[in-house]
Amino acid sequence: MESPNKFSRKFKDVTLEELRGKVVEFAKVRNWEKYHSPRNLLLALVGEVGELSEIFQWKGEVERGLPNWSNDDKKHLEEEISDVLLYLVQLADVCGLDLGQAALSKIVKNEQKYPLLE
């Protein structure tokens with residue numbers, strides 16, 4: 001049986017608060033805040049999810065760790081996933097939500113909804 005950590009890498013710890021602060025500052029210095037309503041951010045997020053989907057659209061099943069992907073393809077994937085994450089963080093911020101706490105609460109809720117089978 002394969003180890004669940006077979007494809008894991010070392011990651012730099014970055015907090016959601018750190019990302020939130022960076023996207024807020026990025027928008028602020030460009031005077032883009034006026035465009036960042038919840039609706040506009042959601043539509044931008046959906047667009048980015050579409051771009052992410054296009055990467056996988058014609059690939060069929062893809063192996064964990066992407067062993068057959070080129071470095072350029074992996075870099076493109078990394079950029080699109082990052083766009084989705086950043087818009088999601090920004091949307092939560094504009095809506096006044098604590099995304100990290102909401103995610104942890106959702107995990108607990110899912111554990112209750114889908115208990116371990118014995």
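User: Why is F26 called partly exposed?
Analyst: In this predicted model, F26 has a relative accessibility of 40%. Buried requires under 20%, exposed over 50%. The value of 40% falls in between, so F26 counts as partly exposed.

User: What makes F26 and W32 an edge-to-face pair?
Analyst: Two values decide. The ring centres of F26 and W32 are 5.5 Å apart, and the cut-off for a pair is 6.5 Å. The planes stand at 75°, and edge-to-face needs over 60 degrees.

User: How do you know that the charged end of R30 sits over the ring of F26?
Analyst: The charged end of R30 is 3.6 Å from the ring centre of F26. R30 is listed as sitting over the ring.

User: Why is the pair of F56 and W69 called tilted?
Analyst: The centres of F56 and W69 are 5.4 Å apart, and the planes make 50°. Stacked needs under 30 degrees, edge-to-face over 60.

User: What does the pair of F56 and W69 tie together?
Analyst: F56 lies in helix α2, residues 38-56. W69 lies in the loop between α2 and α3. The pair therefore ties together parts 13 residues apart in sequence.

User: Are F56 and W69 buried or partly exposed?
Analyst: W69 has 11% relative accessibility, under the 20% limit, so W69 is buried. F56 has 32%, between 20% and 50%, so F56 is partly exposed.

User: Which charged end sits over the ring of W69?
Analyst: That of K59, at 4.8 Å from the ring centre. The distance limit is 6 Å.

User: How do you know that E48 has no salt bridge?
Analyst: E48, in helix α2, is buried. The nearest side chain of opposite charge, R30, is 14 Å away. A salt bridge needs 4 Å or less, so E48 has none.

User: What is E48 in contact with, leaving aside its neighbours within four places in sequence?
Analyst: E48 is in contact with E80, D83, V84 and Y87.

User: Why is E54 called exposed?
Analyst: E54, also placed in helix α2, has 54% relative accessibility. Exposed means over 50%, so E54 qualifies.

Technical notes: Residues numbered from 1 in each chain as written. Predicted model: local features only at pLDDT ≥ 70, side-chain atom pairs only at ≥ 80, totals over all residues. Heavy atoms only, no water. Phe/Tyr/Trp six-rings, centres within 6.5 Å; stacked < 30°, edge-to-face > 60°. Buried < 20%, exposed > 50% of the residue type's maximum accessible area, 1.4 Å probe, protein only. Helix = DSSP H or I, 4+ residues; strand = E, 2+ residues; numbered from the N terminus. Lys NZ or Arg CZ within 6 Å of the ring centre and 35° of its normal. Lys, Arg positive; Asp, Glu negative; His and termini not counted. Contact = heavy atoms within 4.5 Å.
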